[in-house]
Amino acid sequence: AITDADHYGRLGITRLASTGEVKAAYEKRCEQLNKQGLEEEEISKEHDLLKESFTILSTEEERRLYDWSLARNGQPERYVWPFEVDPMELAPDPPKEPEDEFPTKLVGYFLLTWFIISVACSLILNRS
């Protein structure tokens, strides 16, 4: 794994959160951190951790790498590759019974014969 940090948990968001939601969660956590009344050094340390999480989750490439590291870390329940498709969704339908083509051909040949005879009769009658 690239890191053991839980950036989603640190910001309190889900894996499906948009970039706007990441930014809103970051700002909310920073406000909460400032209201806690901790020592300046501790606030600075926590703020750096929040900033790291925000930077990783708001950058598309870094977020993909982080998500990939979660999958490689043996936590696949927390991760689904953004472009991964369930192979069962794309599985073709089972083959259907072949359609009986005889009636279709029979009707087609009947209509074709009717058309040819009508054209021939039309030409013969128009010449006379």
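Among the contacts in the protein with a separation of 6 or more, 57% are accounted for by residues 24 or more positions apart. The model is a predicted one, and it contains 5 helices and 0 strands, so that the order of elements along the sequence reads α-α-α-α-α. Of the 128 residues in the protein, 17% are buried.

The packing of helix α2, which covers residues 19-35, against helix α3, which covers residues 40-58, is described by an angle of about 175° and by an axis separation of 10 Å. Because angles over 145 degrees count as roughly antiparallel, α2 is classed as roughly antiparallel to α3. On the α2 side, the contact is formed by Thr19, Val22, Lys23, Tyr26, Arg29, Cys30, Leu33 and Asn34, while α3 contributes Ile43, Glu46, His47, Leu50, Lys51, Phe54, Leu57 and Ser58. By residue class, the contact of α2 with α3 comprises 8 nonpolar, 4 polar and 4 charged residues.

The largest nonpolar core holds 15 residues, and those touching the most other members are Tyr8, Leu11, Ile13, Leu50, Leu57 and Tyr66. Two or more residues of this core come from each of α1 (7-11), α2, α3 and α4 (60-72), with α2 giving the most, namely 5 residues. In soluble globular proteins, nonpolar side chains tend to be buried together. Leu57, which is named both in the contact of α2 with α3 and among the core residues that touch the most other members, has contacts with His7, Tyr8, Leu11, Ile13, Val22, Arg63 and Tyr66 when residues up to four places away in sequence are not counted.

Several of the buried positions can be described individually. His7 belongs to helix α1 and is classed as buried because its relative accessibility is 0%; with residues up to four places away in sequence left out, His7 touches Glu52, Ser53, Ile56, Leu57 and Tyr66. Ser53, one of these partners of His7, is located in helix α3 and likewise counts as buried, since its relative accessibility is 0%. Under the same exclusion of residues up to four places away in sequence, the contacts of Ser53 are with His7, Arg10 and Leu11.

In helix α2, the residue Ala25 is buried, because its relative accessible area of 10% falls under the 20% limit for that class. Ala25 touches Leu11 and Ile13, again not counting residues up to four places away in sequence, and both of these partners are listed among the core residues that touch the most other members. The C-alpha atom of Ala25 is also separated by 7.0 Å from that of Gly12, a residue 13 residues apart from Ala25 along the chain.

Conventions: Residues are numbered from 1 along each chain as its sequence is written. This is a predicted model: local features need pLDDT of at least 70, side-chain atom pairs count only at pLDDT 80 or more; totals for chains, interfaces and linings use all residues. Side-chain values use heavy atoms; hydrogens and water are left out. Axes are lines fitted to C-alpha atoms, for helices over the stretch in contact, and angles run from 0 to 180 degrees between N-to-C directions. Helices (H or I, at least four residues) and strands (E, at least two) are DSSP runs, numbered from the N terminus. Angles under 35 degrees count as roughly parallel, over 145 as roughly antiparallel, 65 to 115 as roughly perpendicular and the rest as oblique. Contact means heavy atoms within 4.5 Å. Ala, Val, Leu, Ile, Met, Phe, Trp, Tyr, Cys and Pro count as nonpolar, Asp, Glu, Lys and Arg as charged, and the others, Gly among them, as polar. A nonpolar core is a set of buried Ala, Val, Leu, Ile, Met, Phe, Trp, Tyr and Cys residues joined through side-chain atoms within 4.5 Å. Buried means under 20% relative accessible area, exposed over 50%, partly exposed in between (1.4 Å probe, protein chains only).
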